[in-house]
Amino acid sequence: RRSSASRRVGHKTGRVAVVLNGNARQVTDQLVESFDQVVGRGDLFLSRSLEEAQRIALEIVDDEYAVVLTGGGDGTFVQMVTAITREARLHDREPPAFGLLKLGTGNSLAWALGAGTSGDGMFADLAKLSERSPRRDFRLIEVQDLLTPFAGAGFDALGLKHFHEVRDLMRRLPWIGKRATGAVSYAVSIPTRTIPELAFRPGMRVRIVNRGEPITRLDAEGHPTGSPIQVDDTVFEGPCIAALASTIPYWGFGAKVFPFAEGRPDDRFCLRVVATHPLRIAAHMLSAWRGTFRDEDLIDFYADDVEFEFEDPTAIEIGGDPGGMTRSMRAHLHPEPIKLIDYSSL
């Protein structure tokens, strides 16, 4: 295995590259050794920094791998797909097909694609993969120069911050630390930290402007309603607790935050504004998690290009990773779909 790019060792058009996030807690020495036994020699990469990810992307494109699997959560997928797709364009080459290994926090894409969620499931999927594996087109959103299935501001970014704080605390506790999973940390942090903070502070104020094709507003059942919102018109303006964009139904741990994503047109992503009071979300946490909660202040759209303008510097998240503080965020559907392994057909 290699931790970064080295000399070129020849074309590998029939091979599968596996890129693991060396910082992910689940990526242990034992797991790496297990992958070493399954993946061809020289096809396993460990990335521990953005610089290493860039070098790995260059080597993968240079060696013309047919399939690339990322392990380490949604953030690892976003980082590697962005870097590899960019390198492929620079070299006038077709990007490889991509797949997921559920080895990080959240793993919304693994839920959406049906990728193996246990060690046995991952290795079973890996054993079936080849350059002829079934694949399907998948659309990503470009946000702050990253290609991602979802991004947002407000509740999700704040919840991500609180999750990391609670997880770090729980890992230091005797007995509990070894048993606490990411789901447990979310279950503790959201009701005890995120919702109370949102309930007792002024709401985030945002103006969302259409920068693309006409936007369709959806009713409570996901059907088009009202007149389309034209380019440069305001989609939403006011206080809310979250403003989100996604091409998949799920957030972390199977939370169905975008219930209308499954029926969206291929040339649109889901735009959701959560303007309801956070205590209403808390009171309906289970149905909100399942995607069945409805409220007149849960406002949904199908869009392809929007700009978020925040009244104050606001924390954003991109693919489940912190995206920093900003007063504006542009989200537009990337024009070229990527190829994803179709796990349901393996």
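In this predicted model, the buried residues of helix 2 are Glu52, Ala53, Ile56, Ala57, Glu59, Ile60 and Val61. These residues pack against strand 1 (16–21), strand 2 (44–47), strand 3 (67–71) and helix 3 (74–90). In an α-helix there are 3.6 residues a turn, so residues three or four places apart point the same way. Helix 2 itself comprises 13 residues, 50–62; at 1.5 Å a residue it should span 18 Å, and the 18 Å between its end C-alpha atoms agrees with this. After helix 2 comes Glu64, which has a positive phi, near 55 degrees.

The structure holds 15 salt bridges. Another of them joins the side chains of Asp232 and Arg211, at 2.9 Å from N to O. Asp232 lies in the loop between strand 11 (224–229) and strand 12 (234–240), and Arg211 in the loop between strand 9 (204–210) and strand 10 (215–218), so the pair ties together parts that are 21 residues apart in sequence. Asp232 is partly exposed, with a relative accessible area of 48%, and Arg211 is partly exposed at 27%. Both residues belong to a network of salt bridges that also includes Arg207, Glu307 and Glu309.

A further salt bridge connects Lys256 with Glu262, with 3.4 Å between the closest N and O atoms. Glu262 counts as exposed, because its relative accessibility is 55%.

Note on methods
Residues numbered from 1 in each chain as written. Predicted model: local features only at pLDDT ≥ 70, side-chain atom pairs only at ≥ 80, totals over all residues. Heavy atoms only, no water. Helix = DSSP H or I, 4+ residues; strand = E, 2+ residues; numbered from the N terminus. Expected span 1.5 Å × (residues − 1). Buried < 20%, exposed > 50% of the residue type's maximum accessible area, 1.4 Å probe, protein only. Contact = heavy atoms within 4.5 Å. Salt bridge = Lys/Arg side-chain N within 4 Å of Asp/Glu carboxyl O.
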